[in-house]
Amino acid sequence: MIKFLDLKKVTESHGDEIKEAVSRVVDSGWYLQGKEVEKFEKDYADFIGTNECITCANGLDALIWILRAYIELGIMKPGDEVIVPANTYIASILAITENGLVPVLVEPDITTYQIDPDKIEAAITPRTKGVLIVHLYGQCAYTDKIGELCKKYGLKLIEDNAQAHGCKFNGRRTGSLGDAAGHSFYPGKNLGALGDAGAVTTDDQELATAIRALANYGSSRKYVFKYTGRNSRMDEIQAAVLDVKLRHIDEDNARRKEVARMYIEGITNSRIVTPTVKDWDAHVFHIFPILADNRDALHDYLADNGVQTISHYPIPPHKQECYSDWNSWSFPISERIHAQELSLPISPVITDEEVNEVIRLINAWQD
Ligand SMILES: *Cc1c(COP(=O)(O)O)cnc(C)c1O
């Protein structure tokens, strides 16, 4: 069987270094708030190109803390609006509603699947305080136009970099392009831990200080509480593992791109839409998304032939039960992507033979 993502093999590819790092932490007797987290925060900030990296429990928390810190600092208040793509993983939107802020959904561009820069300005109102872009599937969503709009209207630009570790825009890494960025290190992400973990990167010192406190019970000094925070810390084992994997992220992403090229060049079935890549530096292929009008049939056909695929994501956020007030809204481009998207197996450890087999099966698909 060709797995969608063989995590065991991904871990084994750096297995010796990972086991060495884990046993170092086990033997140290120090498991939280120690030098492994400190080192990873420094190394990840250097990698992304920001002054600050604050680790936390997961990627959703990272986004929640950015917005909560803006509220604590008086830059946003509940009821304010944050612009966000209508087609995203639910976490981007949960982070907004969790803080009592109002998501304003904007359609993506059908060729890039990223928030459409030309549709943002019309969504700005006097209550808009931020734009949360999502580098979906690993492709950079930032454009100069988005940066200029945020400056023009005085909006905070927040990046959801959960799917795009290592991605570059004009030589700068995603996660350093806006005012603050949330990162997830969920095991299946390009930079994945062996459990849950996340981080915020920013150059904003004040924001960083607030987030550091919020993610540690709201405390900046032991037993003194400035905010009603939560326990949202990354542990030493995850930091040690991530520091190992960070050393290999560029080579791992390079292999993802090779696989993506093989798919793009190899898939010739005219019923399949493969991704449009304008800039290979600006895509790290967390996901290899294709569109097919009969997506579910293609999924079943591939499954019958031993290939695992997943849809990211079958139901758009505005059609979810948790946002039942929005269910009548219409975002046709997002709805089309959610209805037609199918993600093919991709990872740093998939073999050429496996990729060629997927290509062969897709080209033979007649439905
Ligand atoms: C994975 C993901 C998150 C959430 O990260 P967790 O670590 O799972 O909480 C947020 N946004 C996007 C786009 C993601 O893909």
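How many salt bridges does the count come to? I began with this question, working from a predicted model, and with a side-chain nitrogen of Lys or Arg required to lie within 4 Å of a carboxyl oxygen of Asp or Glu, I noted that the count comes to 22 salt bridges.

I then looked up one of these pairs, and found that Lys 8 forms a salt bridge with Glu 12, where the closest N and O atoms are 3.2 Å apart. Both Lys 8 and Glu 12 belong to helix H1, which covers residues 7-12, and they are four residues apart, about one turn of the helix.

Next I turned to the ligand, and recorded that the ligand sits in the largest pocket. Around the ligand I listed Asn 58, Gly 59, Leu 60, Tyr 89, Ala 91, Val 134, Asp 160, Ala 162, Gln 163, Ser 184 and Lys 189. Sorted by class, this shell has five nonpolar, four polar and two charged residues.

I then checked the cover, and noted that the ligand taken alone exposes 380 Å², of which the protein buries 90%.

Last, I looked up two backbone entries. The peptide bond from His 312 to Tyr 313 is cis, with omega near 5°, and I placed Tyr 313 in the loop between helix H10 (295-304) and helix H11 (332-340). Tyr 137, although not a glycine, has a positive phi of about 65°, and I located Tyr 137 in the loop between strand E4 (128-134) and helix H6 (144-153).

Key: Residues are numbered from 1 along each chain as its sequence is written. This is a predicted model: local features need pLDDT of at least 70, side-chain atom pairs count only at pLDDT 80 or more; totals for chains, interfaces and linings use all residues. Side-chain values use heavy atoms; hydrogens and water are left out. A residue is near a molecule or strand if one of its heavy atoms lies within 4 Å of it. Accessible areas come from the Shrake-Rupley method with a 1.4 Å probe; for residues, only the protein chains shown count as cover. On a 1 Å grid over the protein atoms alone, a cavity is a set of points where a 1.4 Å probe fits but cannot get out, and a pocket is an open set with protein on both sides within 12 Å along at least five of seven lines; lining residues have an atom within 4 Å of a point. A molecule sits in a cavity or pocket if more than half of its atoms lie within 2 Å of its grid points. Ala, Val, Leu, Ile, Met, Phe, Trp, Tyr, Cys and Pro count as nonpolar, Asp, Glu, Lys and Arg as charged, and the others, Gly among them, as polar. Helices (H or I, at least four residues) and strands (E, at least two) are DSSP runs, numbered from the N terminus.
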